[in-house]
Amino acid sequence: MALPVVFFALFFAYPVAAIVGRGLKDGGGWQFGRVGQVLTDPDVLDVLWFTTWQALASTALTLLLALPGAYVFARLDFPGKQLLRAVVTVPFVLPTVVVGTAFLALLGRGGLLDDLWGVRLDTTVWAILLAHVFFNYAVVVRTVGGLWSQLDPRQEEAARVLGASRFGAWRRVVLPALGPAVAAAALMVFLFTFTSFGVVQILGGPAYSTLEVEIYRQTAQLLDLPTAAVLTLVQFAAVGAVLAVHGWTVRRREGALRLVDPALTARRPRGAGQRAVLGGVLLTVLLLVLLPLAVLLERSLSVPGGHGLDHYRSLGTTDGGTFLVPPVQAVWNSLQYALAATAIAVAVGGLAAAALTRRAGRVVRAFDALLMLPLGVSAVTVGFGFLITLDEPPLDLRTSWILVPLAQALVGVPFVVRTMLPVLRAVDGRLREAAAVLGASPLRAWREVDLPMVRRALLVAAGFAFAVSLGEFGATVFIARPDRPTLPVAVARLLGRPGETSYGQAMALSTVLMVVCAVALLVLERVRTDRSGEF
């Protein structure tokens, strides 16, 4: 456990504590009065209100649309099911910049609906909510559907035999069993939407800000570190509370149910009701998932007078202004950074998962929660903290290329841990003991016993770490050098420039990023096991 603890202490706790401490200190004294000033500021209260209600609305809308999908993937068997599962998971691994760009092309000013209706409508809030549903649909489908597929259907059938209606049997038997999984999924969706940055930054404009966007504005644009520090503490407290409740629901889900093989529960659709649910889910996937991606592709090909590859060709040139290198160079930069970040995340996350498997207690549970914090704590704070803390020997990394992979790995580690834990816990400890009795060292026992069983899960974990590292934006926007931009940073810069050419280039780069992430996800589905974690 030593390496994961040191890694998080140096590259997460230290930068975050340093930036918050610097913001709350004035001439050596603490500005605790600043907390009250910030939290009573009407503009800040508006940001807090919008952050909270849009997260609640996004969570409710996601559950409403995704729970039927969870049922379809859990209980029905139909041709193309594996492909459809991969399709609905693609949005979750897409960078938030790409998601924001896709819905900007669909619902934003000058988007597809404007072109079709010929009327300018303020669809900003709906665009944000639907983009969050698009991004988090797979969280509910995989978390709830994964448990639903392992519930013994004979319990529900027994209730029907005893006279319960179909709905009554579902309400009394299935729903209580699914409750912890639904709660866990809802909490994760709330966490992701409460801390939303890229989607709101692109779609919201100056009128709509979440806490994360406001932290970025206060830090990067207004240089108001005290206000940014207070907002970071507020977000940290909210995220800590959500993760504590989430940990409780996960432990409850793991310990209270008797599960069966998922292959025994899925059946061909029978009756008009099941076919109608399957049709509704297919329509939802078409409109919610495929349409925004198709519009993104169409906008990347749209040129005056028709369609063509002009925007893609222009990615190989530079105007010497926004970029010091051609935008296409960001593709190669991102791949290099993501591969390095994946190696770091797999090493740190794998060791952390192994430690969590072999130990128990409150300290271990606290460490498990700590590993999840990078998903909710302000990435903007982490990125800016890197700049002000990692600037002196022996950790003077400001000019080093490794700074970006380190920030990306912080986001990748939780996915590695959550993917590896269920598989490692399923390994029979007696096998390791037998290997030790036969004279195997701990390293050889791990290589001969654990590794063959967890190899597929390890590949899945690496794939998820690669995809999320590829799309990390909040921290990278601070620390990526101008001559080595990543794909999300390049897209954001292009969207910040006026003109149709810059917009088209942003759509083209977003499409490239979408294709890379989609390919990675399809490969994951080929090697994924039913025990490969929550994601």
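This is a predicted model: local features need pLDDT of at least 70, side-chain atom pairs count only at pLDDT 80 or more; totals for chains, interfaces and linings use all residues.
Trainee: Why is R299 counted as buried?
Mentor: Its relative accessibility is 12%. Buried means under 20% relative accessible area, exposed means over 50%, and partly exposed is in between (1.4 Å probe, protein chains only). So 12% puts R299 in the buried class.

Trainee: What makes R299 and E298 a salt bridge?
Mentor: A salt bridge needs a side-chain nitrogen of Lys or Arg within 4 Å of a carboxyl oxygen of Asp or Glu. The closest N and O atoms of R299 and E298 are 3.4 Å apart, so the pair qualifies. E298 itself is partly exposed, because its relative accessible area is 28%. The structure holds four salt bridges.

Trainee: Which class does R313 fall into, and which does D310?
Mentor: R313 has 57% relative accessible area, so it is exposed. D310 has 43%, so it is partly exposed. Their side chains also meet in a salt bridge, at 3.2 Å from N to O.

Trainee: How do you know that R313 and D310 are about one helical turn apart?
Mentor: They sit three residues apart in helix 14 (residues 310-314), and that spacing is why they are separated by about one helical turn. Helices here are DSSP runs of H or I with at least four residues, strands are runs of E with at least two, and both are numbered from the N terminus. The protein has 23 helices and four strands.

Trainee: Why are D483 and R481 both called partly exposed?
Mentor: D483 is at 30% and R481 at 35%, so both values lie in the in-between class. This pair forms a salt bridge too, 3.3 Å from N to O.

Trainee: What makes something a nonpolar core?
Mentor: A nonpolar core is a set of buried Ala, Val, Leu, Ile, Met, Phe, Trp, Tyr and Cys residues joined through side-chain atoms within 4.5 Å. The largest one here has 166 residues, and F7, L94, W148 and F386 touch the most other members.

Trainee: Which residues does F386 touch?
Mentor: Contact means heavy atoms within 4.5 Å. Not counting residues up to four places away in sequence, F386 touches F11, P15, L403, L406, A407, L410 and I479.

How values were computed: Residues are numbered from 1 along each chain as its sequence is written. Side-chain values use heavy atoms; hydrogens and water are left out.
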